[in-house]
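Please open the structure in the viewer and keep the selection tool at hand. The tour moves from one selection to the next and states what is found at each stop.

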Amino acid sequence: MPPTTVVLRADATPGAPALTLRPWRPTDVAELVEAFRDPVLRRWGSVPATDEPGVARWLAGQRADWEAGERFAFAVLETGPGPEHGRLAGHIVLKDVAPGEPRAEVGYWTAAHARGRGVAPRALEALTHWAFDTFAGAGLNRLELLHQADNEASCRVAGKAGYAFDRALPAAPPAYPLDGHLHVRFVTGPSQDVTR
């Protein structure tokens, strides 16, 4: 199991600051409450809570899942010079990790103020490399990304991060009330080259 001190980085782009990905902390409550008020995030994702006690419980659950080695959730922060330094830009997670299991799933969201700056694809790329580096020796060779079929932004993120469209998925209520898309990315070796 990776330590809860893992920190990942994604380079800056000409139009956006670098990113730091680190495990969630109890001190992230206020920024999460603000992020979870976003109606777009509430439409596409499952917002666990909208008040400080609920968000604190969600954060405690993220830490417990990390310590159990089942789910590895990261806060995505903008870093570098300027007013956005250290501000919460999103969330990214590796889930359903199990020894000997060849597949796991990734998920993400981007805070409203950070959309359109390549946060999700850059964070996803960093998480993907970390996941394969960390878990390929335990059998992980396939990462899956699922989203609602009408979420065109997530489709674009998947493509930018090298997750190829695999197939459409029929709705499966109540957990998945609408049709979806499955995208996949495979590891091909320790150099982190992938099939695209």
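In what order do the eight strands of the open sheet stand? The order is β1-β2-β3-β4-β5-β6-β8-β7, with mixed pairing. Strands are DSSP runs of E with at least two residues, helices are runs of H or I with at least four residues, and both are numbered from the N terminus. Two strands pair if DSSP finds at least two bridges between them.

This is a predicted model, in which local features need pLDDT of at least 70 and side-chain atom pairs count only at pLDDT 80 or more, while totals for chains, interfaces and linings use all residues. Residues are numbered from 1 along each chain as its sequence is written, and side-chain values use heavy atoms, with hydrogens and water left out.

Select residues 8-10 (β1) and 164-169 (β7). Each of these edge strands has a single partner strand, so one side of each is left without a neighbour in the sheet. On average, neighbouring strands of this sheet are turned by 25° against each other, direction ignored. For such angles, axes are lines fitted to C-alpha atoms, for helices over the stretch in contact, and angles run from 0 to 180 degrees between N-to-C directions.

**Strand β4 and its partners**

Next, select β4, residues 88-95. Seven of the eight residues of β4 are buried, where buried means under 20% relative accessible area, exposed over 50%, and partly exposed in between (1.4 Å probe, protein chains only). I92 stands opposite Y108, and L94 has V106 as its bridge partner.

Now select D96, in the loop between β4 and β5. Although D96 is not a glycine, it has a positive phi of about 65°. D96 is partly exposed, with a relative accessible area of 41%.

At T110, in strand β5, the relative accessibility is 12%, so T110 counts as buried. Leaving aside residues up to four places away in sequence, T110 touches A89, G90, R115, V119 and A120; contact means heavy atoms within 4.5 Å.

Select helix α3, residues 52-68. Helix α3 packs on the sheet, touching β2, β3 and β4, and its direction makes about 120° with that of β3.

Then select A123 in helix α4 (residues 119-135). Is A123 buried or exposed? A123 counts as buried because its relative accessibility is 2%. Its contacts, not counting residues up to four places away in sequence, are L19, L21, V76 and I92. A123 and L21 are 102 residues apart in sequence, with their C-alpha atoms 7.3 Å apart in space.

**The cavity**

Which residues line the largest cavity? Select T4, P23, W24, Q62, R63, W66 and A73. Four of the lining residues are nonpolar, two polar and one charged. Helix α3 gives the most to this lining, with three residues.

**A cis peptide bond**

Finally, select P173 and P174, which are joined by a cis peptide bond with omega of about 5°. P174 lies in the loop between β7 and β8 (180-186).

Note on methods
1 Å grid on protein atoms, 1.4 Å probe; cavity = no way out; pocket = protein on both sides within 12 Å on 5 of 7 lines; lining within 4 Å. Nonpolar A, V, L, I, M, F, W, Y, C, P; charged D, E, K, R; others polar.
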